[in-house]
Amino acid sequence: MTDQKRELLRHSVATVAYRGGKAVRNAPAGFANFRGCPSGRSAGRILAHIGDLFDWALSIVQGAQRWNDSKPLPWDKETERFFAALQRFDDYLASLAPLHETPEKLLQAPIADALTHIGQIAMLRRMADSPIKGEGYITAEIVVGRVGAEQTPPNQEFG
């Protein structure tokens with residue numbers, strides 16, 4: 001594997017942090033329990049699932065794949081868990097430790113799945129009358145290694 005692929009994975013994780021942070025930040029009280037329909041997952045359940053995806057991704061790259069279906073925590077705690085899971089995964093990618101799966105498989109499964117679910121949270125925010133603003137993400141300052149809640153403010157929001 002080339003260092004370029006590993007860096008692209010890290011940029012993808014930073015993108016998850018940036019977009020995910022925007023989707024979870026300043027959610028209204030009670031949003032964790034909001035559902036788009038009676039049979040749909042709540043926003044809190046979706047966020048817990050994203051944390052599980054990155055715990056799973058870490059187990060994959062460490063060569064000991066395991067899945068955990070976590071019970072959602074309160075929104076602020078689940079948000080902290082989300083960023084902590086991203087940090088652990090990014091720390092591993094930043095190390096010299098071997099990856100026990102290809103970057104392509106990591107992108108197509110846990111990372112792409114997380115981006116899908118972040119979009120679901122963003123859609124639920126709009127349905128809950130608490131929409132996030134759109135953004136020209138091509139101009140966003142997304143930085144490899146910046147995977148916590150603190151992100152650069154948007155350059156070009158609209159809506």
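Which residues gather in a patch of positive charge on the surface? In this predicted model, the patch is made up of Arg 35, Arg 41, Arg 45 and Lys 71. One of these residues, Arg 41, sits in the loop that runs between α1 (3–24) and α2 (43–61), and Arg 41 counts as partly exposed because its relative accessibility is 41%, a value that falls between the 20% and 50% limits of that class. The loop between α1 and α2 also holds Arg 25, which is partly exposed with a relative accessible area of 36%. Although Arg 25 and Thr 79 are 54 residues apart in sequence, their C-alpha atoms are 8.6 Å apart in space.

Charged side chains also take part in pairing. Side chains of opposite charge can pair when their charged atoms come close, and a search of the whole structure finds 11 salt bridges. In one of them, Lys 22 meets Glu 157 with an N to O distance of 3.0 Å, and this pair links distant parts of the chain, since Lys 22 belongs to helix α1 and Glu 157 to strand β2 (residues 157–158), 135 residues apart.

The side chains of Arg 81 and Asp 52 meet at 2.5 Å, N to O, joining helix α3, where Arg 81 is found, to helix α2, which holds Asp 52, across 29 residues. Both Arg 81 and Asp 52 are buried. Arg 81 also forms a salt bridge with Asp 55, the closest N and O atoms being 3.1 Å apart, and here again the link runs between helix α3 and helix α2, with the partners 26 residues apart. Asp 55 is partly exposed, with a relative accessible area of 26%, while Arg 81 counts as buried because its relative accessibility is 16%, under the 20% limit. Through shared partners, salt bridges join Asp 52, Asp 55, Glu 78, Arg 81 and Arg 88 into one network.

Phe 54 and Phe 89 have ring centres 5.8 Å apart and planes at 55°, so the pair is tilted; Phe 54 lies in helix α2 and Phe 89 in helix α3 (residues 75–94), 35 residues apart. Phe 54 is buried at 1% relative accessible area, and Phe 89 is buried at 0%. The rings of Phe 82 and Phe 83, whose centres are 4.8 Å apart with planes at 55°, likewise form a tilted pair, and both residues are buried. Phe 31, Phe 34 and Trp 75 form one aromatic cluster.

Definitions and conventions
Residues are numbered from 1 along each chain as its sequence is written. This is a predicted model: local features need pLDDT of at least 70, side-chain atom pairs count only at pLDDT 80 or more; totals for chains, interfaces and linings use all residues. Side-chain values use heavy atoms; hydrogens and water are left out. Patches are made of residues with over 30% relative accessible area and no salt bridge: like charges are joined within 9 Å, nonpolar side chains (Val, Leu, Ile, Met, Phe, Trp, Tyr) within 5 Å. Accessible areas come from the Shrake-Rupley method with a 1.4 Å probe; for residues, only the protein chains shown count as cover. A salt bridge is a side-chain nitrogen of Lys or Arg within 4 Å of a carboxyl oxygen of Asp or Glu. Lys and Arg count as positive and Asp and Glu as negative; His and the chain ends are not counted. The place of a charge is taken as NZ of Lys, CZ of Arg, CG of Asp or CD of Glu. Helices (H or I, at least four residues) and strands (E, at least two) are DSSP runs, numbered from the N terminus. Buried means under 20% relative accessible area, exposed over 50%, partly exposed in between (1.4 Å probe, protein chains only). Rings of Phe, Tyr and Trp (its six-membered ring) pair if their centres lie within 6.5 Å; planes under 30 degrees apart count as stacked, over 60 as edge-to-face and the rest as tilted.
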